Structures are given as structure tokens and as C-alpha cells.
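This report describes one protein model for a reader who is new to structures. Please look at the sequence and the model before reading on.

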Amino acid sequence: MTAGRRARLYLRVQRALSREDAVHAPLARQIRQWAGAAMRVAEAEVAVRLVGEDEGRSLNRDYRGKDYATNVLTFVYGEGEAMPGLPESDVLQGDLVLCVPVVVREAAEQRKAVEAHFAHLIVHGMLHLQGFDHEDDAEALEMEAVEREVMAALAYPDPYADDGA
């Protein structure tokens, strides 16, 4: 991103939650703040979908081959070859899916504030959308350093402080 140019984030938040799960879900303005803080590109179009356990499990099974609900799934669009007939775009496009009951359960297990855990997972997912990964130790260290920096800028504690890593 060029100096002096502000990142533009087009964000949609979708909620597919029971009443019980909905009370724990973050507000759209919080999600926008967290996602915006993690932007490392000039422009992005992102949908954040907050789901329950059944949809989270189904998506994880269908797209990752893992038959359990996970905390966050990231889907990047436009990777690889351009679609025939459509112009190429520099706009990052993707979806983040957060399984609310899993995030709430993990926060309790890890003795973290639910809000801070949601913030971390939005930041983590946004970085994945932008090409960050943690497949090997060097990638993991780089990604975690950026996550820590963004979380500190948002005034949240280090998400890896009690990780034992």
C-alpha cells in the first residue's frame, strides 16, 4: 500500500445464528475495526459470516475434509487464473467464517476475554486472506509477529502470551 493512501474495506457481516449463539457474537462495527486494523492491502471486499456449530462443521468437512467445527475458516477469491471475460482486479476478495460457539468455548478454555478472542481470529483470518500463513516455523513467526502488532494497536493483550510457544 502506498504511503498516505488509506486502505478501503468493503465489509459485509452475515449472521446465521441461534438466539443463544447470537448473544455472544461481536457487533459489525467491532468486526470492521478489527478487520481494518489487519489490512495490509489497498482495497478489500470481505464477507464475515458468523455461524453456529452445524454450519461450521459442515463447511470444515466440505472444504477441508475435517469433520468438526473450527474457530475460523478463510476463503480467498481470485487466486490463480483470472475468470474468462472478467477484468483482473487488485481488490482482495474473500470470506471469513467464524463459528461462534467454538470461539466462545475456546475463549473460556484459554481464559481469554471473548471479545479479545474474536478480535484475534478476525485479525488472523484477514492476514490469511492477504497471503500470510503458518505452515512452517518461519511463516508462523512472521504471522504471529504481525498479529501481536495489530492486537497491541487495538489495545488487546498478546494472543500468544500464554500459548506455551
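Against which helices do the buried residues of α6 pack? They pack against α2 (28–37) and α5 (114–129). Helices are DSSP runs of H or I with at least four residues, strands are runs of E with at least two, and both are numbered from the N terminus.

The model is predicted: local features need pLDDT of at least 70, side-chain atom pairs count only at pLDDT 80 or more, and totals for chains, interfaces and linings use all residues. Residues are numbered from 1 along each chain as its sequence is written, and side-chain values use heavy atoms, with hydrogens and water left out.

**Confidence**

The pLDDT is the predictor's confidence in each residue, from 0 to 100. The protein averages 90, and 88% of the residues score at least 70. Where pLDDT is low, the predicted coordinates should not be read in detail.

**Helix α6**

Helix α6 covers residues 137–153, which is 17 residues. At 1.5 Å a residue it should span 24 Å, and its end C-alpha atoms are 24 Å apart, which agrees. The expected span is 1.5 Å times one less than the number of residues.

The buried residues of α6 are A140, M143, E144, V146, E147, V150 and M151. Seen down the helix axis, the buried residues of α6 fall within an arc of 165°, so they line one face of the helix. The arc is that of the directions from the helix axis to the C-beta atoms. On the other side of α6, the exposed residues are D137, A138, L141, E149, A152 and A153. Buried means under 20% relative accessible area and exposed over 50%, with partly exposed in between (1.4 Å probe, protein chains only).

At the start of α6, a side-chain oxygen of D136 comes to within 3.1 Å of the backbone nitrogen of A138.

**H120 in helix α5**

H120 belongs to helix α5. Leaving out residues up to four places away in sequence, H120 touches E147, M151, P159 and Y160; contact means heavy atoms within 4.5 Å. H120 counts as buried because its relative accessibility is 7%.

Conventions. A polar contact is a pair of N or O atoms within 3.5 Å; within protein, one must be able to donate a hydrogen and the other to accept it, and residues adjacent in sequence count only if both atoms are side-chain atoms.
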